[in-house]
Amino acid sequence: MHLTAGHVVMAAVLLVLGYFLVWPVLLLLINSFNAAGDWFVEPRVWGLRHWQNAFLRPGLLKSLGNSLLIWSLTVTFSFPIGVAIAWLLARTRTPYSHSLEFMFWIAYMVPTLPTTIAWISLLDPDLGLINVGLTKLGLFAQGPFNIFSVPGIVWANLMGHGIAIKVMLLTPAFRNMDSALEEAARVGGAGNLRTLFRVTLPLMLPPMMLVLALQLLRIFQSFETEYLLGMPFGFYVYSTKIFALIRDPVPNYGEATVLASMTLLLIALIIPVQRWILERRRYTTVTGSFRPGLIDMGRWNYVAFGAIALLLMLLTVGPLCILVLGSFMTRIGYFMLGFTLEHWKLVLNDPVFIKALDTTLILGTTAAVISPLLFSIIAYILVRTHLPGRGALDLMVWCSGAVPGILAGLGLLWLFLGTPGLSFLFGTIWALIIVVILQGKTTGVNVMKGLFVQIGADMEEAARVSGAGWLRTYFRIWLPLLMPALMLIAVMNFVSAASATGSIILLASRDTMTLSLMALELSSIAISNREAASIISIFIIVLTVTGAIVVRALGGRIGVRARVSAAPDLAHVTESTVVESRR
Amino acid sequence: MLMMILLVFFAAAFNYSTIAVAAAAEKPIAPAKSNFEEEWSKLVAAARREGTVAIASGGAPSRQYRPVVDVFQKKFGVTVEVSTGSATDTVNRVLAERKAGKYTMDIALISIREAQQRLLPSGSLVPFPPLLIHPDVLDKSAWYLGRHWYGDKSSNTIFIYHVTKEDKYEYWYNTDKIKEPEIATLKKQTDFFDPRWKGKMIGQGMGDPSGIRQMIDSYFEPDRGPDWVRTYLLDAGLTFSDDRRILETWLVGGRFPLQPVVTGSEDLIGLAKKGLPIKQAFLPKQVALIRAGGSGCCISAFANAPHPSAAKLFANWFLTKEAQSLTHTLVPNLDRSSLRNDVPFGEVPPDQRRAPGAEYGFPDADPKFGARQEEAQKWIYKLWESRQK
């Protein structure tokens, strides 16, 4: 076989990513056969004890069923709603669609805990403001809503990230829909709805499948809402079991790894299905003659705007009010106790705060800049090249997302401590930087894959014909074309870096404390200062929103779309860009 | 003599063996003053050269002791780095580091449970007495019952300096929902299991370290015991949550108006003082105890400490009358008090102040208690998990 530069790049990518992404997971899996009760204390004894005990845990099957129930109910509602909103924002003339899209980003930036707390304050069966209001109005004898129930958990999930994440991931893909295809359908006599179901949605199948697959990966990982709302009525999900094992007085990482490894089975299903969908037909929507035309729904544009704005009120206003108001309340939820600045003083005078802010900014910015570039290159390799080893690379990206952050943190701790060349990074900010850059890879790479599938090869070929090399083509053609998705991933990675806890808790020291770890400490059972933790969350949101505004502004300048309206023929833009760059 | 008889009675009445404390009282050691001063100044100089002392801690104490630690920094010019987050995470990290040959910590301000179950078996800790040189600390007459107290099997590694006092059972109720005559019917621990309270009570879940601690303590107490624990967890119709704020809201709002077992009630006391309809009540306890729980009770020293002199300086200073007094005055709402007898109570709440000369059962200082606690802990977790079937 002829060895090319591509092969060398592929080998390097496989080696580096394999080491940082797969090796920690493998370390955990290998150690799950270490039958010692406490991995840190007892000598290593190989055996199947953890595998046997894990599956004998009482109520395991029931918790598995509960996880499936919550997941399927959440997806049943959130997926169609997410697809519909993404379509409305990207394909129709809904007013202020870009601002509305940005609001979904903000909804995503609000941490899960304040959202859940906000909904408890509103829908607690006896004390929730909505229930109390309805009973006081005489409409009901007792509060009709109960947040501590299965519908309550599903509702809290939908109002958390359930809908927001889908809109965020799908809107850029819908924006890449070539209006010429929709116009052709209309010329053929199809109405807007028929066009949507017969043309738009089938072409959007890859990104939709990817979003669904990414959600499936979370089935055994999301637990915060289920834990908080489920325990009072004895409802436990699979992820609660994993969390409880890790939080045992002597952490049972062995059994937790065994239970978490079930996600690998899901991945074994996801990858072939995804391949089958991607390979059975072409989904190219962005070519040299791409035209991003929008559908005018007349007055329905305003109805759509109203409905989306109303949903956004629910997604953002409640949690943000609780966060801001709560930070000034003597105690969240007790208006009669009055307001105070004490919590703000506590946080702002904390000697760790400035250091944590600094570390968070460094981590967030680095992740926002490097991750999108890195993920786009990986996605390019996976979709646009025929290099050997792509299957292994895809598998790596998926498998590394199989374990929850709190377990992955242990694998990473071992990785940094056990590698002679890396152990000097342990305890420094560099270890955290590596972790946060890579932690959004499953979502990031797959979103980029979805876009590469949509974009035709003609523009890249045009650039090559014009004499551009790979790097120049990448920076002058691909980057502007991918800019909306890159911005999205930059923001998502900023959020995940700024709010990372489980994956970095064992790697961070007092010197590399982050805002998220500070919030975790303040809201812990022992300290229980939820008001001060709210203030930290506010800072994280402000940082992220500022970052997102900057990213959008920069993206708007670099992106190709600004120029598309002036020159609707993308092939023309491509050629002129390359010629310009050669000068 | 009367004390001795009382102690024997307690030991018999109690499920675990209370230590024959009076018999164990040891004579104070008085080192030569000039020798000490020379040694001390050498130690301070060496500690300054090392520049830092790294303390592994967790939970609330890692924050609570910050003002005390600041005094140490200013006084000796040695930086103190206190780890943060949960004690379990801290211990995980420290143990993984040590397995990899990295020694980053000098001192542990960690609970007996973490130290006994994890740090000691891994050989991470060293005997504590050889570190002690300060006459103020070595003078055992200044300490409760004239001796130093340790929380490990060999009574020489996990030094206990702070304890909580438990001479009655505390419970809380909502005064709007439960009236005094009903409360008056609660006279003993099993009264909470009367069917009329079913569905009206809340409890801390076992994911809350205090929740499991309460149940382990209850397991050994003559007023409660294993059967009581089983009923409480499985049959009494309690609603559990690991989130104390949710429990608090339910109690204040009256959704669940009775909380039969409570720890860390400072917040509830604060809310009651501000006029919210909740009230603290007590039931008698057969045996008055002092307990060493959480990361704020104990100090131990790491083997292969990177800053041995700074560690020794901190360990000695932290146990002096000066530093222990600071823990009483600089830490607000401290839910425990020093085992030193010569320290003013300062900000320590009245119910946490040991009566002068009084003696208490002290199970955590019983060398055999740790193993029994571990057994009880496993049993309780099994019960807890069986709720999830």
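**Close-up views of a predicted two-chain model**

**View 1. The largest nonpolar core.** This core has 207 residues, and Val491(A), Leu507(A) and Ile536(A) have the most contacts inside it. A nonpolar core is a set of buried Ala, Val, Leu, Ile, Met, Phe, Trp, Tyr and Cys residues joined through C-beta atoms within 7 Å; buried residues have 20 or more other C-beta atoms within 10 Å of their own, the C-beta atoms being placed from the backbone. Helix α24 (residues 470-498) of chain A gives the largest share of this core, 17 residues; helices are DSSP runs of H or I with at least four residues, strands runs of E with at least two, numbered from the N terminus. The model is predicted: local features need pLDDT of at least 70, side-chain atom pairs count only at pLDDT 80 or more, and totals for chains, interfaces and linings use all residues. Residues are numbered from 1 along each chain as its sequence is written, and chains are lettered from A and ligands numbered from 1 in the order in which they are written.

**View 2. Surroundings of Ile536(A).** Leaving aside neighbours within four places in sequence, Ile536(A) is in contact (C-beta atoms, placed from the backbone, within 7 Å) with Val347(A), Leu515(A), Met518(A), Ala519(A) and Leu522(A).

**View 3. The side of chain B that touches chain A.** Here 45 residues of chain B are in contact with 39 residues of chain A. Elements of chain B giving two or more residues to this side include α10 (209-220), β8 (239-241) and α16 (369-386). The largest share, eight residues, comes from α6(B).

Conventions. Buried ≥ 20, exposed ≤ 12 C-beta atoms within 10 Å, placed from the backbone. Contact = placed C-beta atoms within 7 Å.
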